[in-house]
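User: Hi! I'm new to this one, could you walk me through it?
Analyst: Happy to. Here it is.

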Amino acid sequence: MKKIFTLLAVAFMALGAQAQTLIDFKQSQEIGIAVSGTTTIDAVKIKTNTTSIPGIKFANSYSTEGASNGNHAELTVEGGFKAGDVITIAGAFNNADDTKISKVDIFTLDGTTPTVLFTTQQFINGRLVDDDPVEETYTLEADAEKLYLGRNGNTGTFVTTLKVVRGGTETTIGGGGDPVEPAGEIDFPTSQDGITVSGTTTFDAVKIKTNTTSIPGVKFANSYSSEGVSNGNHAELTVEGGFKAGDVFIIAGAFNNADDSKISKVDIFTLDGTTPTALFTTQQFINGRLVDDEPVEETYTLTVDADKLYLGRNGNTGTFVTRLLVTRGGGETGIVELPVNIKYNGAIYNLQGQKVDASYRGVVIMNGKKIVNK
């Protein structure tokens with residue numbers, strides 16, 4: 001298979017013999033997880049309120065006027081957590097009111113003052129949708145003696161997946177040294193290999209940062225279906241040998257519309273003849289005309305094998321995919337820390353792929369290598 005990662009700095013580890021699982025909620029509720037306050041181990045119903053699965057229940061917010069009130073789950077491991085540790089988290093809430101949202105913060109505590117490290121974005125409302133919880137990944141950027149989880153949102157929520165795996169260069173495949181390239185499938189905008197547009201879908205550019213900066217994208221001018229039937233307005237994704245369960249997708253995008261009531265999303269879907277089946281719907285595409293932000297990367301892990309996959313617009317205005325990266329995952333050696341797209345230009349990036357300056361402290365990637373910036 002052709003590799004397209006010659007300009008990638010790859011920082012990842014595999015779930016092989018050298019990796020160390022620190023916490024795994026599905027395997028144990030006792031090792032490394034202590035609940036307090038109104039947080040308990042309970043169950044939540046998903047799949048339109050029909051299937052009950054275990055979860056860590058966050059009945060109330062973890063802070064009152066900016067101070068921790070003890071409604072949290074405390075995470076501990078022997079020796080503390082280390083920069084590069086990879087946290088996989090998923091969850092659901094259950095509320096008949098579709099205006100309700102619920103998220104979970106991963107945070108540290110200095111006394112009673114919480115510092116948020118990561119906020120989930122993809123927890124599902126199991127009462128209203130027929131989906132499984134979506135896994136999100138966060139890579140710890142600094143050492144921490146303890147970590148905490150707490151509710152962020154206006155209804156109770158449940159963590160249904162929580163896994164922490166020891167990261168860093170010492171557990172890279174091969175026992176250290178230069179990182180190993182994963183099998184690269186698709187990497188846009190670095191390459192358009194594996195992406196075929198059709199119908200009203202084209203390669204174009206979209207303006208972001210309050211309509212001032214133009215960046216390349218795959219443009220979806222119209223919806224991909226009419227009355228539930230594919231109409232050909234999509235991008236077809238292909239790789240040699242097809243896609244495999246466990247393949248990891250990173251996708252980000254933007255639209256450009258002066259009407260702030262407009263929304264736009266993209267579905268990743270399969271086709272059975274002309275019948276589409278949506279596997280994942282983006283939630284965080286930005287309106288580049290109205291905000292000064294960069295497109296937000298979302299992650300999806302494929303749960304089934306697929307000969308081909310498709311992208312199509314889901315929303316009431318045209319949208320652009322500005323970032324699409326597919327890497328081979330799955331199995332006992334599945335990638336759990338995603339590759340970071342960095343050109344060897346002397347710039348410094350953290351493990352989330354965000355550009356930082358020389359004052360940044362912690363594990364960084366510069367010129368393709370992981371170093372500790374003290």
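**Aromatic rings and backbone**

Analyst: A cluster made of F243, F249, F280 and Y300 is linked by ring pairs; rings of Phe, Tyr and Trp (its six-membered ring) pair if their centres lie within 6.5 Å, and planes under 30 degrees apart count as stacked, over 60 as edge-to-face and the rest as tilted. This is a predicted model, where local features need pLDDT of at least 70, side-chain atom pairs count only at pLDDT 80 or more, and totals for chains, interfaces and linings use all residues. Residues are numbered from 1 along each chain as its sequence is written, and side-chain values use heavy atoms, with hydrogens and water left out.

User: How many aromatic pairs does the structure hold?
Analyst: There are 9 aromatic pairs. One of them is Y224 with F269, stacked at 4.1 Å centre to centre with 15° between the planes.

User: Are Y224 and F269 buried or exposed?
Analyst: Y224 is buried at 7% relative accessibility, and F269 is buried at 0%. Buried means under 20% relative accessible area, exposed over 50%, and partly exposed in between (1.4 Å probe, protein chains only).

User: New topic: which peptide bond is cis?
Analyst: The one from F188 to P189, with omega near 15°.

User: And what is the phi of T48?
Analyst: About 55°, a positive value although T48 is not a glycine. T48 is partly exposed, with a relative accessible area of 40%.

User: What about phi of K209?
Analyst: Phi of K209 is also positive, near 55°, and K209 is not a glycine. K209 is partly exposed at 23% relative accessibility.
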